[in-house]
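This report goes over strand pairing and nonpolar cores. Please look at the sequence and the structure below before reading on.

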Amino acid sequence: MESQNQKKRIFSGIQPSGELTLGSYMGAIRNWVTLQDEYECIYCIVDMHAITVRQVPAELRRRSLVQLAEYIACGLDPSKNVMFIQSHVPQHAELSWILGCYTQFGELSRMTQFKMKSQQHADNITAGLFTYPVLMAADILLYQADLVPVGEDQKQHVELCRDIAQRFNGLYSDTFTLPEPFIPKLGARIMSLGDPGSKMSKSDPDGCVYMMDKPEDIQRKFKRAVTDCEAAVKFDKVNKPGVSNLLTIYCAASGKTVQEAEEAFAGQGYGVFKPAVADAVVELMRPIREETERLIADKSYLESVYRDGARRAQGIAQKTLSKVQRKIGFLAR
Ligand code: TRP
């Protein structure tokens, strides 16, 4: 029966440009786990995206492997999902070149993230940084993905991907599925502990909790988290962004509702609240960290997962690429 093929397809990826954080888990990977039965999911470690800013080669290599271990430790089952490393599937680079010839310079110039990153890395504004959304479009379109789970900051890139797909389909007849950004209802947006006005980022070691942080590091980071001088555990994003962020984390870690948490800490100061948030996070992350450590020690298993993933990914990707090459007039090999 065709029933297998009627599942909608999901594609998403995270850059191995830093250690994964609590934000990556609560905002993305935890949701991916809930999708793995209902959808056909493809999860990528986008190392080709990571080199749009300078990386230390040995670190990039290590983090790509650790990230795969973390995906699995978080509950992504390699037999249910396709998990692979972007550079192992050359079709991404090939389609990316082609799509770049169907993307306007003006469109890429308008990308908010490019404008931001080119300010941050003003001494190294590469063509790769500029064309990065085209590579991302290739990632998505190669697999004919219906849905793309991403954070708010990536929505514009998925919209551009749709525009490119629509343009191509218009010129050459239906080739690509038009993907939609998929912002899961449960997705918690975790902010920096040091600056609750900005998203928790792996490049900000004090403001973020890494998935592999030891319990004492987690305790220390929460102890230093920015709050306010009111000493009331209340959810109020506008006036109490730090405390609201801690409440979001506490609830996501403990399964309690905001109201339950507010009641539990009523009349208690941050001296009680902060260590309690840290404890909840420590307990949430402990099994994941331990399983990640176990998996990292089993390198041959991880290799078998990413090799199998790349093989399965290539099977899908090559079909799309061949179709595209034929339609635009490349001579068959
Ligand atoms: N650009 C995304 C980010 O930095 C990562 C990414 C690359 C991605 N390709 C993708 C996400 C395809 C979703 C789909 O977060």
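## Strands

Two strands pair if DSSP finds at least two bridges between them. Helices (H or I, at least four residues) and strands (E, at least two) are DSSP runs, numbered from the N terminus. This is a predicted model, in which local features need pLDDT of at least 70, side-chain atom pairs count only at pLDDT 80 or more, and totals for chains, interfaces and linings use all residues. Residues are numbered from 1 along each chain as its sequence is written, and side-chain values use heavy atoms, with hydrogens and water left out.

Strand β2 (residues 40-45) pairs in the parallel sense with strand β1 (residues 9-14) over six bridges. Isoleucine 14 has isoleucine 45 of β2 as its bridge partner. Strand β3 (residues 82-85) runs parallel to β2, joined by four bridges, and isoleucine 85 in β3 is the bridge partner of isoleucine 45.

## Nonpolar cores

A nonpolar core is a set of buried Ala, Val, Leu, Ile, Met, Phe, Trp, Tyr and Cys residues joined through side-chain atoms within 4.5 Å. The largest one has 61 residues, and Tyr71 and Phe222 have the most contacts inside it. Helix α12 (residues 270-296) gives the most to this core, 11 residues. Apart from this core lies another, of 42 residues, including Leu129 and Ala310.

Beyond its neighbours within four places in sequence, phenylalanine 222 is in contact (heavy atoms within 4.5 Å) with residues including Leu22, Leu246 and Val281.

How values were computed:
Buried means under 20% relative accessible area, exposed over 50%, partly exposed in between (1.4 Å probe, protein chains only).
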